[in-house]
Amino acid sequence: MTHLFTALEVTRNLISARLGRGHPLYLVHALTARCNARCGFCAWNPDFYDPRDQLSTPHIEALYTEARRAGFVGVSIWGGEPLLHRDFERVARHAHGLGLATNMVTNGFLLEKKLDAVLPNIDRIAISVDHPSPAHDALRKIDGLFGRIVSATKAIRARAPDKPIVWVCTLQRANVDPATLRELARWTRRLGVLGIYNALREEAGAPDQRDAGIERFVPTQAELTRAFETLRELKREGYPILNSFTHLDMMRAGPPVYRCHWPKLMLPVEANGDVVDCQHWGTRPLGNVQDTPFAELLRHPRLRALAGPEGEACHRCVSIHRVEISEVCSGNLEPIRSWAMLRKTALRRAEAEAPDARH
């Protein structure tokens, strides 16, 4: 089955959640906590989750089956680095075969090597890219990473021209200058991919778990304001930036203020099977899918609270997904128009074969 991420489907799912379906619609599953990168700004350092503690493959398949039975429409597979999981292909094929829309977030190092497993089973590929040069390798501490990402992106375009690909940039001190952002936008246009730009993620719920060293990567608000102003200009110029004007404007004005509806739609499950309370990420799990039936977890009072006034009062997260989903649920449809327009733009490959795409 081919899943089309259309504005109509997004709108229908958001409305369904808002009208009181009773539980989220989309799994956000950390397939593994193992990672081959050592990003200094990552909240998921080895002290946060034990990489050895993860669900068995049959447990993962059961989780996806139960989620689909409960009415879930999709799963975002991430980590850690999901392509390190020895049964990645089996798990992704199972999710896709159930009819779940499948998204994967990867650092891209193993992507080209594993395209035979990825392409038939993953509907949308998100690759972390923080700098349009080998400087990205230093940020992620993997030699040759940027070159591998470019090669893998070209390989996907050659084999699956219509496959949605997103490059996700984490804005930090090393990349918030206008010149770097403009060059990264050029790369996305050349390769026919969408760009997403997020402020550095500082999890609201786990300050005690976060490495204090992350502070050295955090840009000032003035730097972020200039960065999001630059991105807004680039979007106006026609570069394939997925961030809506809503998100760009909120982020350039300062930390965004919104009514959070994200928990109504998304259910995070960690590699060890913990179902996450997004306000206390990693510190107060609601339960574990190995110990509690999935249907029972969906009735947990805390999920109800997060989907109600308590959750809506929170706006500590800054990512595009949380802000834009919340804005759409609050009646602002500008992000949906942006998604629909840019999906068409991303599938145009007019510049993909340009000579400077190979430099």
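Me: Which residues of α6 are called buried?

Reply: L145, F146, I149, V150, A152, T153, A155, I156 and R157 are the buried residues of α6. The label requires under 20% relative accessible area. The model is predicted.

Me: How do you know what span to expect of α6?

Reply: Take 1.5 Å a residue, times one less than the number of residues. α6 has 15 residues, and 21 Å is expected. From first C-alpha to last, α6 reaches 21 Å, close to that value.

Me: What does the same test say about helix α2?

Reply: Helix α2 holds 13 residues, 57–69, and should span 18 Å at 1.5 Å a residue. Its end C-alpha atoms lie 18 Å apart, so the two agree.

Me: Which residues of α2 are buried?

Reply: T57, I60, E61, L63, Y64 and A67. They cover an arc of only 155 degrees around the axis, so they sit on the same side of α2. The general rule is that an α-helix has 3.6 residues a turn, so residues three or four places apart point the same way.

Me: What lies on the face of α2 turned away from the buried side, and what covers the buried residues?

Reply: The face turned away carries P58 and R69, both exposed. Exposed means over 50% relative accessible area. The cover over the buried residues includes β1 (26–30), β2 (74–78), α3 (88–97), β7 (266–269) and α11 (294–297).

Me: Why is the pair of F146 and W187 called edge-to-face?

Reply: Four aromatic pairs are counted in all. For F146 and W187, the ring centres are 5.4 Å apart and the planes stand at 90 degrees.

Me: What makes R322 a charge over the ring of W262?

Reply: R322 lies over the face of W262, 4.1 Å from the ring centre. The limit is 6 Å, with the charge within 35 degrees of the ring normal. K235 lies over the face of F245 too, at 5.3 Å from the ring centre.

Me: Why is A227 called buried?

Reply: Its relative accessibility is 0%, so A227 counts as buried; the cut-off is under 20%. A227 sits in helix α8 (residues 221–236). Beyond its neighbours within four places in sequence, A227 is in contact with L171, V176 and L181.

Me: What is omega at the bond between G79 and G80, and what is the bond called?

Reply: Omega is about 15 degrees, and the peptide bond is cis. G80 lies in the loop between β2 and α3. Most peptide bonds are trans.

Me: What makes the phi of K141 worth a remark?

Reply: The phi of K141 is positive, about 60 degrees, although K141 is not a glycine. Most residues other than glycine have a negative phi. K141 lies in the loop between α5 (135–140) and α6.

Conventions. Residues are numbered from 1 along each chain as its sequence is written. This is a predicted model: local features need pLDDT of at least 70, side-chain atom pairs count only at pLDDT 80 or more; totals for chains, interfaces and linings use all residues. Side-chain values use heavy atoms; hydrogens and water are left out. Helices (H or I, at least four residues) and strands (E, at least two) are DSSP runs, numbered from the N terminus. Buried means under 20% relative accessible area, exposed over 50%, partly exposed in between (1.4 Å probe, protein chains only). The arc is that of the directions from the helix axis to the C-beta atoms. Contact means heavy atoms within 4.5 Å. Rings of Phe, Tyr and Trp (its six-membered ring) pair if their centres lie within 6.5 Å; planes under 30 degrees apart count as stacked, over 60 as edge-to-face and the rest as tilted.
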